[in-house]
Amino acid sequence: MTQLDESAKRALAWPGDPQTPVENCTPALARQQYLDSFADIQRPLEDVAEILERHAGAIRLKIWRGRSAPRQGAPALLYLHGGGFVIGAPETHEDICRTLANMAGAVVVSPDYRLAPEHPFPAAIDDCAATLVWMTEQADALGIDPLRILVAGDSAGGNLAAVVALLARDGQVPAVIGQVLIYPVTDQLQASDSYLRYAEGYGLTAAAMQWFRDHYLPEAASRPDWRASPLRVASLAGVAPALVILAGYDVLFDEAAAYAERLSLEAQATSRTWAGQIHGFVSKRRAIPEAQEALEAIAMAWRTMDPGLAR
């Protein structure tokens, strides 16, 4: 078995990380800990051409225009942040959003979607879907091409991105050209072997995942719903091409790998595994240089999904 990367060990020992395990926190404390700690382990934020804040109805949106993005007809990315459906905000994932905006010469939009437990399933899905609709309606004002929108997200955001891509396939929201799923949540039953292999000691714990799920999906009957557990959807045929990013030492590894396998068999997908890495590594570039590799892989996959980016 591949050994844990030295950079992952460094990240796990990072002095600025939250001291109270999330499963022992109230949602309010967990959110504050995350907001207080995330920036220290990220690289200094890249400069971009423009930063905007807008609203789609009641949903606050953060928008970044990459340095080489054209003023009209730019490619666009709908980025859905992670945080277990309970914590996080566009700002906690701004490093990823700015970097991809610059790499692709694109406009990146990230919604501050509603969080559980105040707003349980499917509120986050509704907000992310509404943001995609807003992006197409406001395409001229944003200077984007509404036919060149990619959807992406990490962890809980990867779950939401997968669901939005399926809604797009079914014509319930506008079409997307592709999807990038970074160590996504795909099965809320939490019964895979990786929940045992990596239950604790690698950052995200099995206990934390149960805490997140119980806030987002308090009704057990809703957990097998494909909008909560996209791995359980009847068919992935016709869904947009995908890139799935996996971390080897991750409680979510098995379910994310299983979703990548289904996508490759039923639709079109590639997957990349950083075997010695932990959940959340793409958000920890100050400690984990492999995060840069993952972002470059995303930019490369984006070019294959959008021929207009090929160069």
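The structure holds zero disulfides, a disulfide being a pair of cysteine sulfur atoms within 2.5 Å. This is a predicted model, in which local features need pLDDT of at least 70 and side-chain atom pairs count only at pLDDT 80 or more, while totals for chains, interfaces and linings use all residues. Residues are numbered from 1 along each chain as its sequence is written, and side-chain values use heavy atoms, with hydrogens and water left out.

**Cysteines**
- The closest cysteine sulfur to that of Cys128 is in Cys97, 12 Å away and too far for a bond.
- Cys128 counts as buried (under 20% relative accessible area, with exposed over 50% and partly exposed in between, 1.4 Å probe, protein chains only), at 0% relative accessibility.
- Cys25 also counts as buried, at 7% relative accessibility.

**Surroundings of helix α3**
- Eleven of the eleven residues of α3 are buried, so this helix is largely enclosed by the rest of the structure.
- The buried residues of α3, Cys97 among them, pack against β1 (50-56), β2 (59-65), β3 (74-80), β4 (107-111) and α10.
- Just after α3, Gly105 has a positive phi of about 60°.

**Packing of α3 and α10**
- Helix α3 (residues 94-104) packs with helix α10 (residues 290-305) at an angle of about 45°, their axes being 10 Å apart.
- The contact (heavy atoms within 4.5 Å) involves Ile96, Thr99, Leu100, Met103 and Ala104 of α3, and residues of α10 including Leu295 and Trp302.

Note on methods:
Axes fitted to C-alpha atoms, helices over the stretch in contact; angles between N-to-C directions. Helix = DSSP H or I, 4+ residues; strand = E, 2+ residues; numbered from the N terminus.
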